[in-house]
Every structure is written in C-alpha cells, then in structure tokens.
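The points are grouped by topic.

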Amino acid sequence: MAVVSAYSDKTDEQKAITEMVRQFADEQILPNAEHYDHEDEYPEPIVEQMKELGLFGVTIPEEYGGMGLDLTTYTMIVEELSRGWISISGIVNTHFIGSYLLMKFGTEDQKQRFLPRMATGEIRASFSLSEPEVGSDVQGIKSTARKLDDGAWEINGQKMWVTNGLMSGLCFVLVKTDTTADPAYKGMTCFIAEKEPGVGENTGEWAGFTVPPKIKKMGYKGVESTELIFDGYRCPAQNILGGEEDGVGQGFVQMMDALEVGRVNVAARGVGIAQRALELALRYAQERKTFGRQIAQHQAIQFKLADMATQIDAARLMTLRAARMKDAGERSDLEAGMAKLFASETGKECVEQSFRIHGGYGYSKEYEIERLYRDAPLLLIGEGTSEIQRMVIGKKLLARHKI
Ligand SMILES: Cc1cc2nc3c(=O)[nH]c(=O)nc-3n(C[C@H](O)[C@H](O)[C@H](O)COP(=O)(O)OP(=O)(O)OC[C@H]3O[C@@H](n4cnc5c(N)ncnc54)[C@H](O)[C@@H]3O)c2cc1C
C-alpha cells in the first residue's frame with residue numbers, strides 16, 4: 001500500500017489519476033472553454049469524454065460500477081478540472097453530492113436503482129435546496145410534499161439556482177413534509193425526483209416537473225443554473241431518501257451532511273482556479289515589458305506572484321487536510337468550513353491579482369483571465385457564502401472549546 005508522508009504528497013494511484021485529468025484539462029477543456037463560455041453552451045463532447053474516463057463514478061463504490069476512490073483523491077481531481085474550467089467541475093459537483101447522499105443515506109433498493117447508472121454518467125444528478133426567497137436560511141424553504149391516498153407523495157413549490165437543473169435525470173430536492181414542525185428542520189424531507197434529462201416540460205409519470213429556461217449569468221457558463229417548478233409532481237414513496245419509514249423528517253440533516261463534503265469540493269475548485277490564475281500571471285509577467293524589462297522583474301509584480309503562490313499552497317494544504325480527516329473518519333466540519341472559506345477567497349483574490357498583472361489586456365476577451373474573473377465569484381456564494389462559512393466556523397469553534 002502506498003504511504004503518503006505529507007499532506008501534499010500523492011500515492012502512486014493519485015499521481016496517475018491526477019496526471020490523467022490534468023492532461024484531459026490541457027487537451028480537451030482549456031482549448032474549448034472559451035467557445036462554450038462565449039456561447040453559453042452545454043459542453044456535451046467534453047461530458048461524453050468524462051463519461052468514458054469514468055469521472056462520474058470516481059467516489060461510487062466498485063460494487064455499483066464506480067472507482068471507489070476516497071474524498072482526498074476526488075478533491076485532487078476537482079482541482080485539476082477546475083484549473084481547466086470551473087463549469088466542468090460544476091457538472092460533476094452536484095452529481096458527486098447526489099451520489100454521496102445515496103451512498104450514505106440511500107436504501108439498498110435506491111443504491112441498486114441509481115448508482116450503477118450514475119457511475120457511468122448515464123444519468124446525472126442535481127441537488128436543490130435554494131428557493132427564490134431563501135438561500136442561506138435553508139429552514140425557511142416553502143416547497144412542500146404531502147402524502148396522497150394512494151401512497152405516493154405530491155410535491156409543490158418553486159426552487160431556484162439549480163446547477164444542472166436541466167441536464168440532470170435525478171434531482172435531490174429538499175421540501176417540507178411537516179410545515180408545523182418546530183424546529184422547522186425536523187419537518188424536512190429529501191426526495192429523489194426523477195425526470196427526463198434535457199426536457200423543460202416533463203410529461204407522463206413525471207408530469208408536474210418543469211424546468212424553465214436557464215438563468216443568464218455573468219460567468220459559470222456552459223453549465224446551466226435553473227429554477228424548478230413542481231406543480232402536482234407525484235413522487236413514489238420509494239424515492240424518499242432513506243425510505244419512507246426512516247427518511248421522512250431527515251432531509252435537512254442529510255443535506256447538511258452532504259454540504260460538508262461539498263465544502264471540501266468547493267475548496268478544491270478555489271485552489272484549481274487560483275492555480276490557473278497564477279500560471280497565467282507567471283507567463284504574462286515574463287512576456288510583457290515595461291520600462292525596458294519584463295514586468296516580472298519589477299518587485300511589485302514579484303510580490304503579487306509570491307502572495308498568490310503562498311495563498312494557493314496554504315489553501316491546497318487546508319483542503320487536503322479536511323479531505324484526509326474525513327477519509328480517516330475524523331470529525332472535520334470545522335476544517336471543511338475553514339478550507340472552503342480560505343480557498344474560495346484565495347480563488348477570487350488570485351484571479352484579481354492575475355487580472356491586474358495583465359493590465360489592459362486582462363479586460364479583453366482575448367485573454368483567459370477575463371473568463372476567470374467572471375467565474376471566480378461564484379465560489380464565494382455556492383454551498384454557503386463566506387459570511388455563512390464564518391458563522392459555521394464560529395459556532396464549531398465555540399462548541400469545541402466550550403468552557
Ligand atoms: C451560479 C449558482 C449556482 C447555484 N447552484 C445551486 C444548486 O445547485 N443548488 C442549490 O440549492 N442552490 C444553489 N445556488 C444557491 C446558493 O446556494 C445561494 O445563492 C446561497 O446559499 C446564498 O443564498 P441567497 O442567494 O439566497 O443569499 P441570502 O441568503 O439572501 O444572502 C444575501 C447576503 O446576506 C448574507 N447573509 C445571509 N444571512 C446572514 C447572516 N445570518 N449573517 C450575516 N450575513 C448573512 C449572505 O452571506 C449574502 O451576502 C447557486 C447559486 C448560484 C449563484
């Protein structure tokens with residue numbers, strides 16, 4: 001068995017897989033990102049290649065057709081994909097959260113029905129908490145589900161900002177099944193809502209599940225973010241995550257658990273985009289000359305590069321530490337929150353510094369940094385804003401150091 005000696009070291013398997021993904025990013029993602037970003041078009045050919053590489057089944061156990069790799073290896077892969085384009089990691093991200101929910105809380109029947117097809121990428125997953133009036137305050141959601149006489153459940157309500165909302169075939173959707181519950185989280189349940197991928201108006205057994213046209217965004221293009229409208233959508237009881245008996249009322253706890261690993265995943269995305277920003281800055285700083293020498297020779301520019309590299313190193317170490325603690329079965333909620341906060345802010349900061357180093361050309365669409373500048377802010381928002389991370393970190397700190 002390979003042994004790692006430091007937080008940044010990789011096993012032979014991790015080296016092989018991250019090198020493979022880096023090559024994929026260099027050859028398939030980076031040369032095509034500009035086109036898909038400009039057109040805001042779903043990068044179908046890239047997704048097809050990701051299926052072939054098995055990237056949708058990285059963390060799914062081998063018995064269900066996946067690779068069975070740990071969170072640490074997954075974060076290394078996400079860093080490489082995000083270095084290429086964070087929209088590509090966005091296509092994998094919600095799928096990863098969906099498969100985590102199934103692996104951790106799903107019944108055996110649910111695992112058998114969904115995981116093998118998820119491992120190949122044949123069906124992909126989204127997850128939906130946010131609503132038009134609610135993001136951070138998840139317990140304030142208004143969507144509901146009620147049990148019908150025939151035993152099925154009917155979902156009604158409107159969801160917002162669902163990444164992969166159109167192209168997914170499964171949506172893990174959080175709704176209230178008891179609107180009077182106090183505290184509210186005890187009345188929340190997660191449903192596995194099935195639908196036709198790529199179809200706006202579902203019919204037949206999935207009637208009542210509508211995906212309106214995608215939301216127009218400043219960045220994070222290619223991957224769609226949509227509303228979802230549930231209007232009398234019937235969901236069989238067997239699609240309650242964890243089963244009807246054990247799953248009703250457990251949705252909030254299940255989703256918060258998934259968001260914890262999701263935070264490590266977002267942290268890895270921050271490291272990936274920051275790494276790319278540094279690479280672009282290092283190159284440009286040695287190409288551009290002012291006052292008779294490369295701008296890289298000006299101390300002010302070197303200081304920017306030094307700060308970026310230092311922040312990226314720290315963000316990567318924090319991210320890997322949180323992932324390794326989780327893999328080792330240790331409690332890592334505090335570390336995951338810290339990694340998400342620091343790495344996403346590092347992503348934004350490094351992109352900003354690289355943009356400045358590019359001078360006027362950073363403002364031109366001819367240069368890749370312009371896309372990164374529009375993409376990076378998303379990481380400050382998704383899976384808990386920086387303010388919410390600080391709240392989480394503060395609460396966990398006090399809980400761990402109670403006097
Ligand atoms: C591109 C994109 C993709 C997304 N994908 C998904 C997805 O796939 N699934 C999903 O469910 N959601 C998704 N989201 C939604 C995202 O999780 C929310 O936008 C986020 O949680 C913030 O919620 P909000 O936008 O409603 O902001 P609000 O909750 O309204 O917050 C507004 C501001 O107030 C601050 N704030 C809120 N409460 C406090 C407080 N107590 N103390 C201090 N400050 C506070 C926030 O930090 C923020 O700055 C996505 C969002 C975007 C932009």
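**Enclosed space**

The count of cavities of 30 Å³ or more comes to 1. The model is predicted. Its largest cavity has a volume of about 40 Å³, and its largest pocket has one of about 1,400 Å³. The second largest pocket holds about 280 Å³ of space.

**Largest cavity**

- The lining of the largest cavity is made up of L55, F56, G57, V58, T59, Y74, V92, H95, F96 and S99.
- Helix 4 is the element that gives the most to this lining, with 4 residues.
- By class, the lining of the largest cavity has 6 nonpolar residues, 4 polar ones and no charged ones.

**Largest pocket**

- The largest pocket has 46 lining residues, and those nearest its centre are G135, I381, G382, E383 and G384.
- At least two lining residues of the largest pocket come from each of helix 4 (86–105), helix 7 (251–287), helix 10 (368–375) and helix 11 (386–400).
- Strand 1 (125–128) and strand 3 (153–163) also supply at least two residues each to the lining of the largest pocket.
- Helix 7 makes the greatest contribution to the lining of the largest pocket, at 8 residues.
- The lining of the largest pocket splits into 20 nonpolar, 13 polar and 13 charged residues.

**Second largest pocket**

- The second largest pocket has a volume of about 280 Å³.
- This pocket is lined by 13 residues, of which E34, D37, K365, E370 and R371 are the closest to its centre.
- Helix 1 and helix 10 each provide at least two residues of the lining of the second largest pocket.
- Helix 1 supplies the largest share of that lining, 5 residues.
- Charged residues number 9 in the lining of the second largest pocket, beside 3 nonpolar and 1 polar.

**Ligand surroundings**

- There are 18 residues around the ligand, and L129, S136, W161, T385 and E387 come nearest.
- S130 has a polar side-chain atom 2.8 Å from a nitrogen atom of the ligand.
- For W161, a polar backbone atom is 2.8 Å from a nitrogen atom of the ligand.
- E387 places a polar side-chain atom 2.7 Å from an oxygen atom of the ligand.

**T18**

- T18 is part of helix 1, which covers residues 12–39.
- The relative accessible area of T18 is 5%, so T18 is buried under the 20% cut-off.
- A polar atom of the T18 side chain lies 3.3 Å from the backbone oxygen of K15.
- Not counting residues up to four places away in sequence, T18 touches K10, M76, I77 and E80.

**T73**

- T73 is found in helix 3, which covers residues 71–84.
- T73 counts as buried because its relative accessibility is 2%, which is under 20%.
- With neighbours within four places in sequence left aside, T73 is in contact with Q14 and I17.

Conventions. Residues are numbered from 1 along each chain as its sequence is written. This is a predicted model: local features need pLDDT of at least 70, side-chain atom pairs count only at pLDDT 80 or more; totals for chains, interfaces and linings use all residues. Side-chain values use heavy atoms; hydrogens and water are left out. Buried means under 20% relative accessible area, exposed over 50%, partly exposed in between (1.4 Å probe, protein chains only). A polar contact is a pair of N or O atoms within 3.5 Å; within protein, one must be able to donate a hydrogen and the other to accept it, and residues adjacent in sequence count only if both atoms are side-chain atoms. Contact means heavy atoms within 4.5 Å. On a 1 Å grid over the protein atoms alone, a cavity is a set of points where a 1.4 Å probe fits but cannot get out, and a pocket is an open set with protein on both sides within 12 Å along at least five of seven lines; lining residues have an atom within 4 Å of a point. Grid points are joined across faces, edges and corners, and a volume is the space filled by probe spheres set on the points. Ala, Val, Leu, Ile, Met, Phe, Trp, Tyr, Cys and Pro count as nonpolar, Asp, Glu, Lys and Arg as charged, and the others, Gly among them, as polar. A residue is near a molecule or strand if one of its heavy atoms lies within 4 Å of it.
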